[in-house]
Amino acid sequence: MTGKAAATTSTDRLGRLLALVPYVVNRDSVALSEAAAAFGVTEKQLIDDLNLLWCVELRAPDPYCPIDLSYEGGEITVAEAESIARPLRLKVDEASALLVALRMLAGIPDLDDRDALSRVIAKLESAAGEAAAVSSQVAVEVDAYGGTADPARTAVGVLRDAIAARRRVHLTYYVPARDENTERDVDPMRLLVVEGNTYLEGWCRRAEAVRLFKLDRIADLAVLDVPAQVPDEAEPIDVDAGLFRPSPQDEAVTLELTPRGRWVADYYPCESVEEMGEGRLRVVLRTPDARWVRGLALRLGDQGRVVAPESVAAGVRDDAARALARYGMC
């Protein structure tokens with residue numbers, strides 16, 4: 001966004017506030033400039049956070065005990081915040097779930113960098129204590145693709161074989177945005193795990209571009225007797241930057257959200273988020289298919305509206321009129 005500060009979502013701000021208090025308490029006092037640099041925000045944003053902390057009351061050590069803070073003279077001090085003076089710790093159920101997921105990941109055949117994963121599991125087991133004992137009672141196995149018990153026939157196994165043999169694969173792939181199965185040939189490039197989900201990355205012959213395919217959305221899979229031919233210009237997707245990679249051909253949809261509709265910026269990847277004042281947001285989403293955005297607008301109701309492009313806004317109005325007509329209200 002040109003000339004405007006990027007907006008902060010409520011999720012970002014809550015995480016920063018929960019980390020800010022122990023950060024200051026453990027240092028007695030911290031310079032405003034130092035804290036702002038540590039959290040990657042401006043001093044103004046940090047002061048806004050501190051002003052919000054004035055409104056926080058804790059039930060310990062006494063009921064409704066307000067946090068005492070000061071940032072006069074450019075130095076931040078925080079007191080009466082003992083109950084949140086340490087960073088958050090995993091609960092037993094949270095640590096157990098994480099350990100179970102990591103052990104399941106370790107069971108994937110031919111996993112890259114298994115040693116690093118084993119070290120993470122060992123450190124977490126040591127730190128978790130009771131939770132490690134609880135999680136050891138649960139075992140999760142990756143279900144075989146197509147219901148067979150042969151590990152070599154799992155989706156992961158089939159795709160690894162295709163990648164090694166440099167063979168094209170045919171996918172029947174479910175696209176939730178359109179609620180339909182699509183048929184496509186893909187030249188596989190690699191398998192990767194992102195945010196706990198396994199994806200096939202490959203050159204999609206239907207889209208003529210690199211695409212990620214979530215394995216649990218593959219309804220059918222076949223290895224073709226055709227060599228994979230990934231174009232030289234095909235580049236692996238930088239998943240460190242997130243999975244949301246809009247195409248220049250995707251349609252930009254602008255929504256204006258009321259304070260109650262701000263959750264959209266937390267739950268959907270936005271190209272831009274702009275504060276409009278009084279808690280309102282203007283967000284821009286990019287999508288290859290605007291039908292799901294129209295559905296989102298209908299769910300929002302009076303919490304937000306599509307302002308551009310007009311074709312999508314008109315589609316929302318038409319969808320709403322049809323829905324009302326079915327109930328005899330229009």
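I began with burial: a residue counts as buried under 20% relative accessible area, as exposed over 50%, and as partly exposed in between, using a 1.4 Å probe and protein chains only. By that rule, 34% of the 330 residues in the protein chain are buried.

I noted that this is a predicted model, in which local features need pLDDT of at least 70 and side-chain atom pairs count only at pLDDT 80 or more, while totals for chains, interfaces and linings use all residues. Residues are numbered from 1 along each chain as its sequence is written, and side-chain values use heavy atoms, with hydrogens and water left out.

Entry on the elements. I looked up helices (H or I, at least four residues) and strands (E, at least two), which are DSSP runs numbered from the N terminus. The protein chain has ten helices and 14 strands.

Entry on the cores. I took a nonpolar core to be a set of buried Ala, Val, Leu, Ile, Met, Phe, Trp, Tyr and Cys residues joined through side-chain atoms within 4.5 Å. The largest one has 18 residues, of which Val253, Leu255, Leu257, Leu281, Val283, Leu300 and Val306 touch the most other members. At least two residues of this core come from each of β11 (251–257), α8 (263–267), β13 (280–287), α9 and α10, and α9 gives the largest share, four residues. I also found a second, separate core of 17 residues, which includes Val156, Tyr173, Leu200 and Phe213.

Entry on α9 and α10. I read that helix α9 (residues 291–300) and helix α10 (residues 310–326) pack at an angle of about 60 degrees, with their axes 9 Å apart. The two helices are therefore oblique to each other, because angles under 35 degrees count as roughly parallel, over 145 as roughly antiparallel, 65 to 115 as roughly perpendicular and the rest as oblique. The contact (heavy atoms within 4.5 Å) is made by Arg294, Ala297 and Leu298 of α9 with Val312, Gly315, Val316, Asp319 and Ala320 of α10.

Entry on α7. I listed the buried residues of helix α7 (residues 155–165) as Ala155, Val156, Gly157, Val158, Leu159 and Ala162. Just after α7, Arg166 has a positive phi of about 55 degrees.

Entry on Arg282. I located Arg282 in strand β13, and it counts as partly exposed because its relative accessibility is 25%. Not counting residues up to four places away in sequence, Arg282 touches Thr254, Leu255, Glu256, Ser272, Val273, Glu274 and Met276. Arg282 and Ala265 lie 17 residues apart in sequence and 9.3 Å apart in space, C-alpha to C-alpha.

Key. Axes are lines fitted to C-alpha atoms, for helices over the stretch in contact, and angles run from 0 to 180 degrees between N-to-C directions.
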